[in-house]
Amino acid sequence: MNLALPILVPALPALGAAAGLATGRRHPALTRPLAVLPVAVSAVLALVTALQLGTGTTLDAATRLAPTGGPELSLALHLDGYSSLISVLVGLVATCVQVYSTAYLKDDPRYPSYAALVSLFTAAMFLVVYSGDLIVLLVGWEVMGICSYFLIGHHWETADARDASLKAFLVTKLGDVPFLFGLFLLGADAGTFRITEVLRTAATGGLQHPTLIALLLLAGVAGKSAQFPLHTWLPDAMAGPTPVSALIHAATMVAAGIYLVARLLPVFLQSSAALLVLAVLAAVTMVGSALCALAQDDLKRVLAYSTVGQLGYMAGALASGDRQSAVFHLVAHGAFKALLFLTAGVVIHAAHTNSIGAMSRIDGLRRRVPDAYWTMGLGLAALVGLPPFAGFFSKESVLTAAEHAAHGEALTGTLGPASAVPAAAGWTVLAAGLLTALLTAAYATRLWLVAFHPGPIAPVAAPADAPYSPEIDEADPAHAEPAAMRWPLWVLAVPTLAFGLLGLRTDWLPALLDGQPLSPAVTTMVLGTGAAVVGVLAGYAAWRTAGARTTAGQPATDPGRLLLGPLYGPAQHGFGVDRLYAALFVRPTAAAARLVRFLDRAVVETYVRGAGAAPGWLGRAVRFAQTGNAQGYLSALLAGAVLLAVLVAVGS
C-alpha cells in the first residue's frame, strides 16, 4: 500500500483547518470549499485505504521522532480492520456535518472559525484512529479536547455556552491527568510506546502493574466517553451548535475512549478487577442515563443522555471481553446518532424551540419537515434496537457477549484468557443492558409521539439549569430546510438501515475484525427485542393516558412522569450528581479560594505594605533633624556632649 494515502487522511483536514483560519475573514468565498472539500477527500481516501488493506491484514510503519533515553517516541501508523472501519465512519459523519453546517450556520459571523475547528477536530480523531504510538495518539486525544472547548462554546455570548464549554474541558481534563500517568506507566512496563509492542507484551503477561495501568486509563476513558461518574459534561454540551453535537456524539470525542479500550483490550484482560470496575461503571451509566432521558424536555438533552447510555453498552461489551461487538455498536451508533442530531437540528429550526412539549402544540410539524420526520423515525427505531435496523444487530451482539461472559465463555479470541473476564461482569452488563433496552424504547417512543403527534399534552417543565442554544433564534420557521440540510439525513439513513443486516449476512465484518461470529444468540435476541417492545408499549400507553387525563380536564402531565413516578424529579436533574460535585468539590474549592484571597490581601499584603512604609516613616523622622541650620547642629552637638558627660559622671 502507498503510505501517502493513510498519511493524507488526517493531514488534509488539518491543512484545511489552517487554510480556513488564515483566509476565512479576508476571502469568505473560500470558507465553505475549504470546510467541505478536505474532509470529503479524506473520507474518500479513508475508504480507499480500507479497501486496499482488505480483511485480516495489518500495516505498520514508523519513523523515530526523538531519542528519550527510555521508550522511544515514534511517528507510527497502525492500520487494521478496526482502524479502517472507524476511519470510514469518521469521514462519513464529518463530511455530512460540514455540508449540513454550510446551511445551518450560513448567517453565523463566526462560521469560518467554526468550520476550521470542525476540520481540526476531524483530523485529531483520524490521528487517534491511525496512530501506532501512544504518545502520538495522546496528541490527537488532547487536540480533540481543546476543539470541543471552542466548539461547545461557539455561542459564547450566552452564559450557558461558556459554562458548558468550561465544564466539558475541566471534567475531561480531570480524567486525562490519571490517564496520562497510566500511559507513562504502560510505556515503562512495556519498554515502548508502540501499540503493537505494548499488546505483544500484554499478551505474554509482561506487564508488572496491569490493574493500576488499567484503572488509570479508565479514568481518561470515563472522561472522554462520558461514563459515570464523569458523564455530566455531555448533556450540558448541548449548548453548542447541533452539528457539533452530531460530530462529538457520533464519530469523534466520545468514540475515542471506547476505541482506545478496544485497541488496548489485551492490557485490560490482564486485570479481572479492572474489567469488573468497567462493568459496574457501564451498568450504572446505562440505566442512570436512560432514566434521565425519560424525564428531559429538551430534545437535544434526550439525545445526549441516549448517547451516554449507548456508550455504556459499548463499555459493557469491552468489560465482557468482546471488542468486536463494542466496535460494531460504536459504528452502528455513530450512523444513527449523527442522523438523530442532524434531524433534531432541522426540527428545532422548524419548531423554533428545543422543547418537546412545546413541539406537541405545533400543528403539522411533521408535515413541515417530512424528511426529518421519517429519518428521525428510522434513527429512533435503530436506537431502540428494532429489527432489521443496524442498532438491533449491534445491541444484540453486545447482549450476546455479556451472556457468554456470564457463563464463563467470553469470546476474547487471541487477545487474552477468557477466564480473566469475571462472570459477575457479564451478568451485570446483561441485566443492565436488558433494563436499558426497555427504558430506551420508552423514552424514544415518548419523544416521537409528544414531538410529532399533537395532543393535549402541556410542555414539560425544563430544569432551571438546562442550557439554551441561541441557534433557534437563527431559525426561520416560514421556510423549509435547504437541500444541504436534507440530503445528509438520507445519506446517514442508509447505514442506519443496512449496516447491521449487511454486516451479519456476509462474512466481511467478522473477517475485518477478530473473526468471531457476531450473530445474536436466540436467548438474548428474544429478551432484548421483548424488552424493547415492552418499552414501546409502555411509552405509548403513558402518552395515551396523559392525553386522556388532559382531555378529561385534569392537570396536564408528562408521559415520562407517569412512567417514572417519584423518580421523575431526581431524573430530570441528573439525580443530583452535579449538585453533589458542587457540594463536595466546587464549594470547598471556592471557599478555599476566598480564604487564600483574604490571607493574601489582609496578611501578606499588610506585611508587604508595612515593609515599604517603615523606611518611609524613618526617613521622615530623620528629615526633621536635617534642617540645614548650623546653629541648630552646634546646639545638638553641645547637648550631646553635656549628656555624655553627665552619664560618665553618674557612672563613675
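Predicted model: local features only at pLDDT ≥ 70, side-chain atom pairs only at ≥ 80, totals over all residues.
Figure 1. The peptide bond leading from Phe228 to Pro229 is cis, and its omega is near 10 degrees. Most peptide bonds, by contrast, are trans.

Figure 2. Pro388 belongs to the loop between helix H18 (370–384) and helix H19 (390–406).

**Figure 3. Positive phi at His352.** His352 sits in the loop connecting helix H15 (323–351) with helix H16 (356–359). Phi of His352 is near 60 degrees, a positive value in a residue other than glycine. Most residues other than glycine have a negative phi.

**Figure 4. Packing of H15 against H18.** The angle between H15 and H18 is about 145 degrees, and their axes are 9 Å apart. H15 passes H18 in a left-handed crossing. On the H15 side, the contact is formed by Phe336, Leu339, Leu340, Thr343, Ala344, Val346 and Val347. H18 contributes Ala372, Thr375, Met376, Gly379, Leu380, Ala382 and Leu383. By class, the residues of this contact between H15 and H18 comprise 11 nonpolar, three polar and no charged.

**Figure 5. Packing of H6 against H8.** Helix H6 (residues 159–190) and helix H8 (residues 210–224) meet at an angle of about 145 degrees, with an axis separation of 7 Å. The crossing of H6 and H8 is left-handed. Residues of H6 that make the contact include Thr172, Lys173, Gly175, Asp176, Pro178, Phe179, Phe181 and Gly182. Leu183, Leu185, Leu186 and Asp189 of H6 also take part. From H8, the contact draws on Leu212, Ile213, Leu216, Leu217, Ala219, Gly220, Gly223 and Lys224. The contact of H6 with H8 has 11 nonpolar, five polar and four charged residues. Among the charged residues are Lys173, Asp176 and Asp189 of H6, together with Lys224 of H8.

Key: Residues numbered from 1 in each chain as written. Heavy atoms only, no water. Axes fitted to C-alpha atoms, helices over the stretch in contact; angles between N-to-C directions. Helix = DSSP H or I, 4+ residues; strand = E, 2+ residues; numbered from the N terminus. Left-handed = near helix turned anticlockwise from the far one by under 90°. Contact = heavy atoms within 4.5 Å.
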